[in-house]
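Have a look at the model first, then read on.

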Amino acid sequence: MNVDVVIVGAGPAGIFAALELARNSDLQIVVCERGKSLDRREEAIRQHEREAWTSGWGGAGAFSDGKLTLSPEVGGWLGDFVGERRLAELIDDVDRVWREHGAPDEVAAMEPGEGRELSERAALAGLSYVPQRIRHIGSDNTPQVLSAFFAELENRVQVLFGRRVLELIVRDGRCVGVTTDDGEILARRAVILAPGRQGSSWLQQQAKSAGLGYRNNAVDIGVRVEVPAAVAAPLTDHAHEAKLIYHSRRFDNRVRTFCMNPYGEVVTEHYDGLLTVNGHSYKRRKTEATNFAILVSTAFTEPFDDPIGYGRAIATLANLLAGGVMVQRWVDLQRGRRSTPERIARSLVAPTLTEATPGDLSFVLPYRHLANIMEMLEALDQLCPGMTGPGTLLYGVEVKFYSVRFDLDEQLRSAIDGLYIVGDGAGVSRGLVQSSASGLVAARSILSA
């Protein structure tokens, strides 16, 4: 097959690259996606096919709660490549396209006065508050929005589902295509790699083979906290999500909240054979609980330099001890005892993840991580009394594998001519908006060449 552009991966980065190219040119474009179409993904999930959660049309975000974070300070490192001013412009462009395909008009954000008040109260508790604007699609609406993207592209772009890309084809210093499990696809103009987190290991292997430079990003390891919704209401009623950062007294490590889900539920997340934990929130269905993650960033230098392997080892241990996800009451963790089904039943919050196994997270998390998490939760309790109350549940583990970061220029071009690397898998982004924006950057570079 001979085309103009090959895109590897149909997550937000790949979708937005294809959309930008299709809207502004007559280029022949092929998207190779190892997973399934959206409707077949939903059926596969019902059949408990784990890979369907993270691979396929829409990528890993297809069944997320659909948060579009519109603040440049949150959601990745794209600004390091393109600059803050250009990133702000890209976010506006991306936001407009998401709304064209069904994202809601309303944006959740603190009013200036409310934000100042929260920032001051957070400072008194030893926390830093990061203001942000969020457009919340909702886990129940995100698939429909992604279907609208596919409807626009299906007659203009060839999408090959179930097509695994095995390796790059590089000749005389230029990437001229890819080898798939069904033959070669040659590209006259460019190849865009957007494999997402699920394809990050493959991407790293390709980089090594091609001699591309990269460095490891940190891995975030922690727990998902579930509290009565009323406890978190001061943080969620106006802004939907409060991004809070803490530096622990004992270890001076950076600890942060992540992915706050008001009136939501805790869910499992499948990653390359591992079972971890995540959270969802919906537009039309609400629970009586709010959940969010507390994460500790971990990086290594030498002699060990494999943060992803470190995170995998901790997640593997949790799966070994609990047979999946573990849940523990805060009061049990504080008292040095494991939670049992009887103790969990006495919580003010009924666990929204019913298949989680009661246990003791101190057998899973390293002391440094556990101490950091407990410190931050106590600081959050000063900001929102009740965070360490009898209704607080901790689920573990939550691990965010942020892929290696490649050496790319401001157009996200690699050292190999004709090869662009974008999205979460490239260590450029870690969310829907900046991932989408990275796809725009690559596509616009190709169009202007």
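## Ground rules

A contact here means heavy atoms within 4.5 Å. This is a predicted model, where local features need pLDDT of at least 70, side-chain atom pairs count only at pLDDT 80 or more, and totals for chains, interfaces and linings use all residues. Residues are numbered from 1 along each chain as its sequence is written, and side-chain values use heavy atoms, with hydrogens and water left out.

## Overall build

Take the contacts in the chain between residues at least 6 apart in sequence: 75% of them join residues at least 24 apart. The chain has 13 helices and 21 strands (DSSP runs numbered from the N terminus: H or I of at least four residues for helices, E of at least two for strands). Its radius of gyration is 22 Å, close to the 22 Å that the globule rule gives for 449 residues, so the chain is as compact as a globular protein of that length. That radius is taken over C-alpha atoms, and the rule is 2.2 Å times the number of residues to the power 0.38.

Along the principal axes, the C-alpha atoms fill a box of roughly 65 × 45 × 40 Å. Of the 449 residues, 61% count as buried (under 20% relative accessible area; exposed is over 50%, partly exposed is in between, with a 1.4 Å probe and protein chains only).

## Around strand β17

Which way do the side chains of β17 go? M326 and Q328 point one way from this strand (residues 326–329), V327 and R329 point the other way, and all are buried. In a regular strand the side chains alternate between the two faces of the sheet.

β17 pairs with β18 (residues 357–358) in the parallel sense over two bridges, and with β19 (residues 393–401) in the antiparallel sense over four bridges. Pairing takes at least two DSSP bridges between two strands. M326 has a bridge partner in β18, T357, and one in β19, G396.

Most residues other than glycine have a negative phi, and most peptide bonds are trans. The bond from G396 to V397 is cis, with omega near 0 degrees, and V397 is found in β19. The bond from E302 to P303 is cis as well; P303 lies in the loop between β16 (289–298) and α9 (307–322).

As for phi, H48 is near 65 degrees and sits in the loop between α2 (38–46) and β3 (67–69). H48 is exposed, with a relative accessible area of 70%. L412 also has a positive phi, about 65 degrees, in the loop between β20 (405–406) and β21 (419–421), but L412 counts as buried at 0% relative accessibility.
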